Amino acid sequence: MNIKKTLKKMSKLELIELLAEQEEEIQTLKLKLEEQEKRIEQRTIQLEEFGNIAQAALALNGVFEAAQKAADQYVDSIKVMTEEKMEGE
């Protein structure tokens with residue numbers, strides 16, 4: 001049956017009840033939408049934090065590489081000094 005015809009056949013009380021039910025449903029959907037928006041906001045914050053963590057890890061990786069190179073150079077220089085000392089004896 002056509003919705004317009006159905007609405008015309010309804011009494012004012014039935015129409016008011018229908019409107020009240022629709023308002024309840026709208027409020028429920030608004031609450032669900034707000035909850036989803038909060039979840040999206042939390043996920044966005046988490047993703048930003050993960051991005052910052054990844055950037056920090058990359059920066060630390062660079063620091064560790066530089067430290068390893070410095071340690072390797074130190075060990076190499078100690079080896080050279082030791083060899084030179086042994087050759088001098």
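Which residues make a nonpolar surface patch of about 400 Å²? The patch is made by Tyr74, Val75, Ile78 and Met81.

**Overall form**

The chain has two helices and zero strands. One of them, helix H2, covers residues 12-88. Along its principal axes, the C-alpha trace spans about 115 × 20 × 10 Å. The radius of gyration of the chain is 36 Å, whereas a compact globule of 89 residues would have a value near 12 Å.

Two pairs of residues give distances along this form. Gln36 and Gln22 are 14 residues apart along the chain, and their C-alpha atoms are separated by 21 Å. For Glu23 and Ala59, which are 36 residues apart along the chain, the C-alpha separation is 54 Å.

**Surface**

What percentage of the 89 residues in the chain is buried? Buried residues make up 0% of them. The chain exposes about 8700 Å², and carbon and sulfur atoms supply 60% of that area.

Charged side chains are also counted. The chain has 13 positive and 19 negative side chains. The centres of these two sets lie 18 Å apart.

**Two patches and selected residues**

The nonpolar patch includes Met81, a residue placed in helix H2. A negative surface patch is formed by Glu14, Glu17, Glu21, Glu23 and Glu24. Of these residues, Glu17 has its place in helix H2, and Glu23 lies in helix H2 as well. Gln36 is also found in helix H2.

| Residue | Relative accessible area | Class |
|---|---|---|
| Met81 | 52% | exposed |
| Glu17 | 42% | partly exposed |
| Glu23 | 40% | partly exposed |
| Gln36 | 40% | partly exposed |

Why is Met81 classed as exposed? Met81 has a relative accessible area of 52%, and exposed means over 50%, so Met81 is counted as exposed.

In short, the predicted chain has two helices and zero strands, and buried residues make up 0% of the chain. Its surface carries a nonpolar patch that includes Tyr74 and Met81, and a negative patch that includes Glu17 and Glu23.

Notes: Residues are numbered from 1 along each chain as its sequence is written. This is a predicted model: local features need pLDDT of at least 70, side-chain atom pairs count only at pLDDT 80 or more; totals for chains, interfaces and linings use all residues. Side-chain values use heavy atoms; hydrogens and water are left out. Patches are made of residues with over 30% relative accessible area and no salt bridge: like charges are joined within 9 Å, nonpolar side chains (Val, Leu, Ile, Met, Phe, Trp, Tyr) within 5 Å. Accessible areas come from the Shrake-Rupley method with a 1.4 Å probe; for residues, only the protein chains shown count as cover. A salt bridge is a side-chain nitrogen of Lys or Arg within 4 Å of a carboxyl oxygen of Asp or Glu. Helices (H or I, at least four residues) and strands (E, at least two) are DSSP runs, numbered from the N terminus. Buried means under 20% relative accessible area, exposed over 50%, partly exposed in between (1.4 Å probe, protein chains only). The radius of gyration is taken over C-alpha atoms; the globule rule is 2.2 Å times the number of residues to the power 0.38. Lys and Arg count as positive and Asp and Glu as negative; His and the chain ends are not counted. The place of a charge is taken as NZ of Lys, CZ of Arg, CG of Asp or CD of Glu.
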